[in-house]
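Student: I have a model open on my screen and would like to learn how to read it. Could you walk me through it?

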Amino acid sequence: MTTTSSWLQDAIFYEIYPQSFYDTNRDGIGDLPGIIEKLDYIQVLGVNAIWLNPCFESPFQDAGYDVSDYYRVAPRYGTNDDLKRLFDEARRRGIRVLLDLVPGHTSHLHPWFQASCRYQRNEYTDWYIWTDSGWTWEVPGLRLVGGYAERDGSYVTNFFYSQPALNYGFANPDPCHPWQQPVDAPGPQAVRRELRKIMAFWLDMGCSGFRVDMAGSLVKNDPGWRETAALWQEVRAWLDLEYPEAALVAEWSNPPVSIGAGFHMDFLLGFDSAGYQSLARKTSTGGKGSDPYGCSFFDPAGRGNIRQFVDEYQSHYEATKDQGLICLITGNHDIVPRLGDGRANDDMALYYLFLMTMPGAPFIYYGDEIGMRSLVGLPGKEGALGRAGARTPMQWNGGPNAGFSTAPAETLYLPIDPDPRRPNVADQEDDTASLLNRVRRLSALRHAHPALQAAGGFQVVYAEWGRYPFIYRRSAGDETILVAINPAAYPVEVSLPNLSTNATIETLYGLADPFTRSDDRWTIKMPGVSGGAYRFAYRLIE
Ligand code: GLC
Ligand code: CA
């Protein structure tokens, strides 16, 4: 791969929701010193990059995705110096830190927005998108809030009412609505300059890049994202020159578009990717109504359909493989249920075998490495609404508050999973067969084999409609590794006519020696819920 920062080739990411990771000052909220204390744990997990959810000043009406000062760490997490210390301490352990950049909107309490609300024209008047009347209720494609400001206008929100959209202009301004400014108007251009300033501020301090929130949302009325892409291409060209090691991962869920727009990476996420949903996000009963393959592929019911994923993935992969990475995730702060909900450790371990042997860069959401479960029925803390259940405190040990905090339980940011059998790190560290230790072995396997990393070749060997297993080949240099995964509870047997029998096979991970050879082909026999990774060594002469 030529155009991607080289460290990304072997990157394994860990997403940390700072509120819920580790509390060191007994206020019931996780903090930056807490993350620093747990860096050794993160290092042993085999992770070499962190994505930190927003940690900036905010009134927290959307858990920090409503920023009120882009240049200051929120006091509840610590200080800018703490964040710098996190960058440095992480770097000493070979770990890079990506911050969460929210470019599309600020908090409505940000001083820029408060200035923009004023009747008198000022520097910030055009930093947000305002209609020319506070009585405008509706404009197709935009969400408006009227009656908020002393100026006569309704503002465009990007998400909740508390997140007014910054003004990057309109790709096709409507001539009937002169308040829709073109992308090269002074307001949108000033906002662009500020965006770079924010990025440079944290990159200079030692951060290694950004996860970019709602990356496709910037320029309005932009069919095909032409102007939004042009904006990011400009940012990328600047980064390549000034900060060539920095990486950008988009929250876009459209890799051909986002990577074409200059992002190094993009996620596959629920809202835009049926393929992603088909892996582990469907019910285990499945098969209802109009969706004959309503069951997740990673489910012992064995009624999923891997082609839903493979067909979508391969088209994205072919379109992007030389330019950027597709990121597969265990979950994230927006997704309920967690991977661990209703799944046994053996089932999750197969998902990790898949995650750690696919191209791109894998992302582990904190707690998913021990199979944490989400909580149902929580009130919507800080704008979380139904997402709160996946944001509960990390479970470090079997002690009070699961070792997350020594504050009184009722003051914690969110409650700890009350299940007495809730998983925790300390127990799993002592058990070689635990999910945690299997995840550690799998990340070590990925680090040890370039074939399994981002740029290794990827070919599907066996993926049939409604059938199990899923088998694929990864390769780099003269190494070829076959990965075979059978999440179904029933045994499967597949013959593999396209694999040369001129090879010896070594088990690198998982189910030992499942292959038999007849005259002209290999056959693989797999019991229920099994999988492995196998190195094919070719002999020169048969
Ligand atoms: C993204 C974030 C989500 C947030 C929203 C608005 O989707 O992941 O948590 O609420 O953007 O910023
Ligand atoms: Ca704290």
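Predicted model: local features only at pLDDT ≥ 70, side-chain atom pairs only at ≥ 80, totals over all residues.

Student: What are the protein donors of the calcium ion (ligand 2)?

Tutor: Donors are N, O and S atoms within 2.8 Å of the metal (3.2 Å for Na, K and Ca); water is not among the atoms, so sites may look incomplete. Here they are Asp 23 (OD), Asn 25 (OD1), Asp 27 (OD), Ile 29 (O) and Asp 31 (OD), lying 2.3 Å from the ion. Along the chain, their spacing reads D-x1-N-x1-D-x1-I-x1-D.

Student: Is Asp 31 buried or exposed?

Tutor: Buried means under 20% relative accessible area, exposed over 50%, and partly exposed in between (1.4 Å probe, protein chains only). Asp 31 is buried at 2% relative accessibility, and Asp 23 is buried too, at 5%.

Student: Which residues come nearest to ligand 1?

Tutor: A residue is near a molecule if one of its heavy atoms lies within 4 Å of it. Of the 13 residues around ligand 1, Asp 62, Asp 213, Glu 251, His 333 and Asp 334 come nearest.

Student: How do I read a polar contact there?

Tutor: Look for a pair of N or O atoms within 3.5 Å. Polar side-chain atoms lie 2.8 Å from an oxygen atom of ligand 1 for Asp 213, 2.7 Å for Glu 251 and 2.9 Å for Arg 387.

Student: And how is the protein divided?

Tutor: Domain bounds come from an automatic or database domain assignment. It gives domain 1 (6–102 + 325–448), domain 2 (282–323) and domain 3 (457–536). The C-alpha centres of domain 1 and domain 2 lie 26 Å apart.

Definitions and conventions
Residues numbered from 1 in each chain as written. Chains lettered and ligands numbered in written order. Heavy atoms only, no water. Polar contact = N/O pair within 3.5 Å; in protein donor to acceptor, adjacent residues only side chain to side chain.
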